[in-house]
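Please find below my note on the model under review.

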Amino acid sequence: MAVCPICGCKTDELDFVERKISDADCKVCSFCSRQLNVFDTTEEPTEAQLRWLIAVIGKDVPERADNISSALKDIRSRYAATEIPQSATPVQQNVKIVQQSGSNKSSKLDYETDDVINELKNRVVALENEIRTMKRKQMIKTIVELGAPVVLLILLIIIVLSSGLIDNIKAIFDMAGIVI
């Protein structure tokens, strides 16, 4: 395992790719290589790709050389005009939408949200019940798998002993002169 100098994630040596960043040649993980390929093209990167770049620049990676850090900052400066919304999560965006909308729309969204939450709770309860049922079935199956051979062996021993087969076999061996 080695550490990618871009993202700082531990990666297998086989997953590293040779990549030229600015003037420096370095080995980076395949994911970072694919992400950086977008910035090498003439097309505009998406909002998610720019967020990835900002997150990578902000990460403290001890294995990252100064020239790689400066190269990443140079890439970011090329897209400085591109504005990225600062809301961190989709939940915060939804809260802002509810706050910005009027009172009628807000109450409608609240009811829809409550309905979705209740539906999800019901689904979770149903899944929990299904898991309990599956655990019971698995336990019964395990008991049968372990118990059936033991019961069959006991029945076989009882049948052999009650049939007198052992006495007949002993008599044959006694006639042959073999002691059991």
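The points below cover the basis of the model, its fold, its side-chain pairs and its surface patches.

1. Basis. This is a predicted model, in which local features need pLDDT of at least 70 and side-chain atom pairs count only at pLDDT 80 or more, while totals for chains, interfaces and linings use all residues. Residues are numbered from 1 along each chain as its sequence is written, and side-chain values use heavy atoms, with hydrogens and water left out.

2. Secondary structure. The protein comprises 6 helices and 4 strands; helices (H or I, at least four residues) and strands (E, at least two) are DSSP runs, numbered from the N terminus. Along the sequence the elements follow the pattern β-β-β-β-α-α-α-α-α-α.

3. Burial. Of the 180 residues in the protein, 21% are buried. Here buried means under 20% relative accessible area, exposed means over 50%, and partly exposed lies in between (1.4 Å probe, protein chains only). The areas come from the Shrake-Rupley method with a 1.4 Å probe, and for residues only the protein chains shown count as cover.

4. Aromatic pair. The structure holds 1 aromatic pair. Phenylalanine 31 and tryptophan 52 form this edge-to-face pair, at 6.4 Å centre to centre and with 80 degrees between the planes. The pair links distant parts of the chain, 21 residues apart: phenylalanine 31 belongs to helix 1 (residues 30–40) and tryptophan 52 to helix 2 (residues 47–58). By definition, rings of Phe, Tyr and Trp (its six-membered ring) pair if their centres lie within 6.5 Å; planes under 30 degrees apart count as stacked, over 60 as edge-to-face and the rest as tilted.

5. Tryptophan 52 is buried, with a relative accessible area of 13%, whereas phenylalanine 31 is partly exposed at 40%. The C-alpha atoms of phenylalanine 31 and cysteine 7 are separated by 9.3 Å, the two residues being 24 residues apart along the chain.

6. Side chains of opposite charge can pair when their charged atoms come close. The structure holds 2 salt bridges, each defined as a side-chain nitrogen of Lys or Arg within 4 Å of a carboxyl oxygen of Asp or Glu. Aspartate 40 forms one with arginine 19, with the closest N and O atoms 2.5 Å apart. This pair links distant parts of the chain, joining aspartate 40 in helix 1 to arginine 19 in strand 3 (residues 16–21), 21 residues apart. Aspartate 40 is exposed, with a relative accessible area of 51%, but arginine 19 is buried at 11%.

7. Which residue pairs with arginine 51 in a salt bridge? The partner is glutamate 47, and the closest N and O atoms are 2.8 Å apart. Both residues lie in helix 2, 4 residues apart, about one turn of the helix. Arginine 51 is partly exposed, with a relative accessible area of 30%, and glutamate 47 is partly exposed at 38%.

8. Surface patches. Patches consist of residues with over 30% relative accessible area and no salt bridge, like charges being joined within 9 Å and nonpolar side chains (Val, Leu, Ile, Met, Phe, Trp, Tyr) within 5 Å. A nonpolar patch of about 670 Å² is made by Val150, Val151, Leu152, Ile154, Leu155, Ile158 and Ile159. Isoleucine 159 lies in helix 5 and is exposed, with a relative accessible area of 54%.

9. Negative patch. Glu112, Asp114, Asp115 and Glu119 form a negative surface patch. Lys and Arg count as positive and Asp and Glu as negative, while His and the chain ends are not counted; the place of a charge is taken as NZ of Lys, CZ of Arg, CG of Asp or CD of Glu. Aspartate 114 is found in helix 5 (residues 103–163) and is partly exposed, with a relative accessible area of 42%.
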